[in-house]
Amino acid sequence: MANELRNTDFNVFDPMNDFFGDFGKNFFNSVAGNQMKTDVIENKDNYVVSSELPGFKKDEIHLDYNNDTLTIHATHDLSKEDTNKEGKVLRKERTSSNIARAFYLPDIDIDNVAADYDGGILKITLPKQEIKDEEAHKISIN
């Protein structure tokens with residue numbers, strides 16, 4: 001349902017445009033646009049995952065690989081406080097961002113994964129683990 005709403009260019013607001021103007025469209029586009037845009041490329045030797053995380057610091061990004069799934073989680077809290085000359089708070093605003101994505105990437109050589117974060121772009125290289133064909137095992141029936 002959420003994808004259908006997103007893909008319809010928010011036509012649910014068209015009948016109310018006289019009253020709301022572009023508020024509905026702009027509001028939902030800004031919410032939908034607050035996702036981690038990610039490219040996942042597979043080649044013969046590895047997977048390369050590149051995610052856009054502008055505004056995040058390196059220590060606000062957490063990576064985890066468990067059950068053949070790479071999880072990227074980023075969170076930060078920003079606050080702004082304006083005071084007058086006497087030090088009384090005139091305005092205090094807070095905002096936080098919390099985004100996460102997960103990708104199924106099987107058979108990774110976890111000991112050789114490399115990650116780099118530069119200019120708001122997180123690049124993770126996940127080498128594929130060589131899978132050995134096991135010999136068939138004969139199972140006897142009692």
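1. A residue counts as buried under 20% relative accessible area, as exposed over 50%, and as partly exposed in between. By that rule Lys128, at 27% relative accessibility, is partly exposed. Glu42, at 52%, falls in the exposed class. Asn46 is buried, with a relative accessible area of 15%. Leu105 is buried too, at 3%. Please keep in mind that this is a predicted model.

2. Overall make-up. The chain has three helices and seven strands. Reading from the N terminus, the order is α-α-α-β-β-β-β-β-β-β. The chain has 142 residues, and 21% of them are buried. Its accessible surface comes to about 11,300 Å². Carbon and sulfur atoms account for 48% of that surface. Of the contacts with a separation of 6 or more, 48% are between residues 24 or more positions apart.

3. The open sheet. Four strands make up an open sheet, in the order β1-β2-β7-β6. Their pairing is antiparallel. Strands β1 and β6 (114-118) stand at the edges. Each has a single partner strand, so one side of each is left without a neighbour in the sheet. On average, neighbouring strands here are turned by 10° against each other, direction ignored.

4. Strand β2 and its two partners. Strand β2 covers residues 46-52 and is mostly covered, with five of its seven residues buried. On one pairing, β2 meets β1 (residues 38-42) in the antiparallel sense over five bridges. A hairpin of three residues joins β1 to β2. Within this pairing, Ile41 has Val48 of β2 as its bridge partner. On the other pairing, seven bridges join β2 to β7 (residues 121-127), again antiparallel. Two bridge pairs can be checked in the model. Tyr47 has Leu126 in β7 as its bridge partner.

5. Which residues have the most contacts inside the largest nonpolar core? They are Leu53, Ile61, Leu70, Ile72, Leu105 and Leu126, in a core of 18 residues. The elements giving two or more residues are β2, β3 (61-66), β4 (69-83), β5 (89-104) and β7.

6. Leu105 in detail. Leu105 lies in the loop between β5 and β6. Though it sits in a loop, Leu105 is buried, because its relative accessible area of 3% is under the 20% limit. Leaving aside neighbours within four places in sequence, Leu105 contacts Val40, Tyr47, Val49, Tyr65, Asp68, Leu70 and Leu126. Leu70 and Leu126 are also among the core residues with the most contacts. Tyr47 and Leu126, both on the contact list of Leu105, are bridge partners of each other.

7. Asn46 in detail. Asn46 belongs to strand β2. Beyond neighbours within four places in sequence, Asn46 is in contact with Ile41, Thr125, Leu126, Pro127 and Lys128. How far apart are the C-alpha atoms of Asn46 and Leu105? They are separated by 9.8 Å, although the two residues are 59 residues apart along the chain. Leu126 is on the contact list of Asn46 and on that of Leu105.

8. The salt bridge. A search of the whole structure finds one. Lys128 forms it with Glu42, and the closest N and O atoms are 2.6 Å apart. Glu42 is in strand β1, whereas Lys128 is in the segment after β7, so the pair ties together parts that are 86 residues apart in sequence. Lys128 is partly exposed at 27%, and Glu42 is exposed at 52%. Lys128 also contacts Asn46, which is buried.

Notes:
Residues are numbered from 1 along each chain as its sequence is written. This is a predicted model: local features need pLDDT of at least 70, side-chain atom pairs count only at pLDDT 80 or more; totals for chains, interfaces and linings use all residues. Side-chain values use heavy atoms; hydrogens and water are left out. Buried means under 20% relative accessible area, exposed over 50%, partly exposed in between (1.4 Å probe, protein chains only). Two strands pair if DSSP finds at least two bridges between them. A nonpolar core is a set of buried Ala, Val, Leu, Ile, Met, Phe, Trp, Tyr and Cys residues joined through side-chain atoms within 4.5 Å. Contact means heavy atoms within 4.5 Å. Accessible areas come from the Shrake-Rupley method with a 1.4 Å probe; for residues, only the protein chains shown count as cover. Axes are lines fitted to C-alpha atoms, for helices over the stretch in contact, and angles run from 0 to 180 degrees between N-to-C directions. A salt bridge is a side-chain nitrogen of Lys or Arg within 4 Å of a carboxyl oxygen of Asp or Glu.
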